[in-house]
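Please look over the sequence and the structure below.

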Amino acid sequence: MSETAIVKTGLPQIDVVRRTARIGAEIRNVKLSGDLPHQVITAINRLLLEHKVIFFRDQHHLDDAEQQRFAARLGKLVPHPLATTKGTISEFDSVRGGGRADLWHADGTFLDAYFKILVLRGVVIPQFGGETIWSNTAAAYLDLPPPLQRLADQLWAVHSNVFDYAGIARARDVDKKYFDEVFTRTIFEAEHPVVRVHPETGERALVLGCLMQRFIDVPKYDGQKLFDLFHSHITASENTTRWSWKEGDIAIWDNRVTHHCAVNDYGDQHRIVRRVDVDVDVPISVDGRRSVKRLKVEQPPMEVA
């Protein structure tokens with residue numbers, strides 16, 4: 001990376017290396033902890049709003065507790081509603097199932113108020129493969145021609161944690177088991193605007209992803225065509241950045257203005273990442289309406305033969 005790619009932040013110890021023009025930056029010379037000075041936390045928040053996803057290498061000193069202490073400096077920690085462990089840290093293990101999130105999504109959109117910021121740590125990383133891709137959904141919205149922007153502004157959609165996971169190519173039995181016993185043990189549904197207004201930047205961003213079930217008041221056939229059209233802008237290469245993980249890496253992203261996908265190209269190698277979810281808010285449409293909860297159903301426990 002050339003020195004011309006390094007952007008100074010005003011804090012002498014921090015360098016910012018942009019990943020692409022539209023999304024992503026690597027932040028250098030910062031040792032993350034819960035004890036960082038206020039001005040560094042302020043700079044991290046500002047960089048996150050600007051670049052949507054930011055990366056930190058060589059954070060090997062972080063354990064679960066310190067990852068949570070640092071994340072708490074960014075906002076209130078919230079437990080994942082489908083977590084199998086107590087506390088506010090979630091583990092995604094490719095061996096145990098549920099660790100291969102290889103479909104484009106924003107986390108938690110089956111909730112009316114979903115996560116603002118996510119902090120992910122690489123714990124066990126494959127020797128090859130296992131990268132993650134993020135997309136700037138505000139840039140994707142801006143790429144739409146004005147008539148399509150106006151159409152998207154008016155649309156709403158239903159999101160749910162129940163989708164055809166079993167129909168995904170290369171889904172393993174352990175992943176299907178995780179989906180049936182963990183991911184859908186409580187069924188959630190929410191209605192979101194297809195375009196939400198970012199509460200801090202004012203940007204308009206698309207809200208789609210694999211958790212979106214259908215557009216409201218749009219027939220299924222037409223809805224699929226619309227989804228494919230809008231989604232093609234989210235996944236356009238110029239709107240994305242790709243991160244090659246190393247153990248000890250930290251990725252932080254603004255879940256309100258990004259989608260992401262974990263590439264499932266590492267075969268039977270072991271991959272473990274641990275995530276902390278920071279704060280929630282309710283999306284607001286361009287005309288000021290708020291997302292709403294439609295459904296929450298607790299599934300009965302599975303009988304053991």
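The report takes the sheet, then a residue in it, then the cysteines.

This is a predicted model: local features need pLDDT of at least 70, side-chain atom pairs count only at pLDDT 80 or more, and totals for chains, interfaces and linings use all residues. Residues are numbered from 1 along each chain as its sequence is written, and side-chain values use heavy atoms, leaving out hydrogens and water.

Four strands make an open sheet, in the order 12-8-9-17, with antiparallel pairing. Strands (E, at least two residues) are DSSP runs, numbered from the N terminus. Two of them pair if DSSP finds at least two bridges between them. Strand 12 (212–215) and strand 17 (292–298) are at the edges; each has a single partner strand, so one side of each lacks a neighbour in the sheet. Strand 9 and strand 17 run antiparallel and are joined by six bridges. Thr186 stands opposite Glu298 in strand 17.

**Ile187.** This residue lies in strand 9 (residues 186–193). Val162 is 25 residues away from Ile187 in sequence, yet 6.8 Å away in space, C-alpha to C-alpha.

**Cysteines.** The whole structure has zero disulfides. A disulfide is a pair of cysteine sulfur atoms within 2.5 Å. Cys210 is in no disulfide; its nearest cysteine sulfur, that of Cys261, is 8.8 Å away.

**Accessibility.** Buried means under 20% relative accessible area, exposed over 50%, partly exposed in between (1.4 Å probe, protein chains only).

| Residue | Relative accessible area | Class |
|---|---|---|
| Ile187 | 18% | buried |
| Cys210 | 21% | partly exposed |
| Cys261 | 9% | buried |
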